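Please open the model in your viewer and keep the sequence panel beside it. The tour below goes from one selection to the next and says what is to be found at each stop.

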Amino acid sequence: MPTLVTPRNTIEILQKYNFMFQKKFGQNFLIDTHVLDKIIRSAEVTKDDCILEIGPGIGTMTQYLAESAGRVIAVEIDANLIPILKETLAGYDNVTVLHGDILKTDIQKLTEEYNGGRPVKVVANLPYYITTPIIMNLLEGSAPVENITVMVQKEVADRMQTGPGSKDYGALSLAVQYYAEPYIVANVPPNCFMPRPNVGSAVIRLTKRKEPPVQVSDPDLMFRLIRASFNQRRKTLLNGLSNAAELPFSREEVAAALEELGLAAAVRGETLTLAQFAALAEKLGRRRRR
Ligand code: SAM
């Protein structure tokens, strides 16, 4: 049975090993059973699943995962946590702890080694300082991933889920929604963690799409257009795209493409849907190929 989740048990094991929290690793450990239950339930963890956990900490969520999943692979960067994990997970023979940086880990290789190349589910209370690179690597990379259920900063969860017209809408929203269907499972207050973070948190589930929701011949161009539009948020799309050093299009080309799409010359990027960015990438891409 999971034993760590109470504040008392957490403090006891931390004191036993003289553990010092490292801010640089985004260490905020979960101490709330309800939140853990909710994460495991919304990730739909079953005994057939192999779970990749990023940053197991002292193993609180890992114990829950080990009870519900077939196998758990947990990647932890902090060497001081490895002996603690050895003790807290000693009762489970379906857990492998790897010491390393998730951003430098070959996740495809892990899935081959531990799950015969079949898709894994990712479940984690993420270190907030690297949320975006972790999520983008999982979405864009070639490793088979079925879904991602993670605790992130509330503001970042909102950015992933929102659409045009919201102040949170941006390049991250569009990238996440191209690859996955986001769903915010729960908001989580700071008192569910030790130590308490300064910000609110949320659990978000990203279900990877089998097919993108829009057809676009050059997704790389579409994402460059998206980034350029949101880099210069206050500018009109026409100014933003024609002034962007990383894009080769003249003002006339951008103006003509916008007109063909029935978009006003003064339109701003933050009002465009993913489908409209895809259509714009098609128009501009075709102009270049002519
Ligand atoms: N899962 C634990 C829990 O919920 O109590 C700990 C979550 S804590 C927010 C984030 C964890 O990620 C810490 O254990 C931290 O050391 C680890 N971590 C930070 N950066 C990492 C990286 N680049 N690769 C792997 N783990 C990392």
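What follows begins with the whole chain and then moves through its domains, aromatic pairs, selected core positions and salt bridges.

**The whole chain**

This is a predicted model, in which local features need pLDDT of at least 70 and side-chain atom pairs count only at pLDDT 80 or more, while totals for chains, interfaces and linings use all residues. Residues are numbered from 1 along each chain as its sequence is written, and side-chain values use heavy atoms, with hydrogens and water left out.

Display the C-alpha trace of the protein chain, which spans about 65 × 40 × 30 Å along its principal axes. Colouring by secondary structure brings up twelve helices and nine strands, taken as DSSP runs (H or I of at least four residues for helices, E of at least two for strands) and numbered from the N terminus. Of the 290 residues, 51% are buried, where buried means under 20% relative accessible area, exposed over 50% and partly exposed in between, with a 1.4 Å probe and protein chains only. Among contacts (heavy atoms within 4.5 Å) between residues at least 6 apart in sequence, 67% join residues at least 24 apart.

**The two domains**

Next, colour domain 1 (7–208) and domain 2 (219–289) separately; these bounds come from an automatic or database domain assignment. Their C-alpha centres lie 35 Å apart, and twelve residues of domain 1 are in contact with 13 residues of domain 2. The two domains bury about 860 Å² between them, 72% of it on carbon and sulfur atoms; buried area is the accessible area (1.4 Å probe) that two parts lose on being put together, summed over both. Select Y169, L174 and Y178, which supply 56% of the area that domain 1 buries against domain 2, more than any other three residues. Between the domains there are zero salt bridges and one residue pair in polar contact, both residues at pLDDT 80 or more.

**Aromatic pairs**

The whole structure holds eight aromatic pairs, the criterion being that rings of Phe, Tyr and Trp (its six-membered ring) have centres within 6.5 Å, with planes under 30 degrees apart counted as stacked, over 60 as edge-to-face and the rest as tilted. Select Y169 and F230: their ring centres are 5.7 Å apart and their planes stand at 85°, so the pair is edge-to-face. Y169 sits in the loop between α7 (154–161) and α8 (171–179), whereas F230 belongs to helix α9 (residues 219–231), 61 residues apart, and both Y169 and F230 are buried.

Then move to Y179 and F223, a stacked pair with 6.2 Å from centre to centre and 10° between the planes. Because Y179 lies in helix α8 and F223 in helix α9, this pair ties together parts that are 44 residues apart in sequence.

**Helix α2 and two strand positions**

Select helix α2 (residues 33–42), where V35, L36, I39, I40 and S42 are buried. The buried residues of α2 pack against several elements, including β1 (29–30), α3 (60–68) and β9 (201–208). At the start of α2, a side-chain oxygen of D32 comes within 2.9 Å of the backbone nitrogen of H34, and the helix is followed by E44, whose phi is positive, near 55°.

In strand β4 (residues 95–99), select T96, which is buried with a relative accessible area of 18%. The side chains of T96 and R71 are joined by a polar contact of 2.9 Å, meaning a pair of N or O atoms within 3.5 Å; within protein, one must be able to donate a hydrogen and the other to accept it, and residues adjacent in sequence count only if both atoms are side-chain atoms.

**Salt bridges**

Finally, show the nine salt bridges, each a side-chain nitrogen of Lys or Arg within 4 Å of a carboxyl oxygen of Asp or Glu. D158 and K154 form one of them, their closest N and O atoms being 2.8 Å apart, and both lie in helix α7, four residues apart, about one turn of the helix. K283 and E260 meet in another, at 3.5 Å from N to O; K283 lies in helix α12 (residues 274–289) and E260 in helix α11 (residues 251–260), so this pair ties together parts 23 residues apart in sequence.
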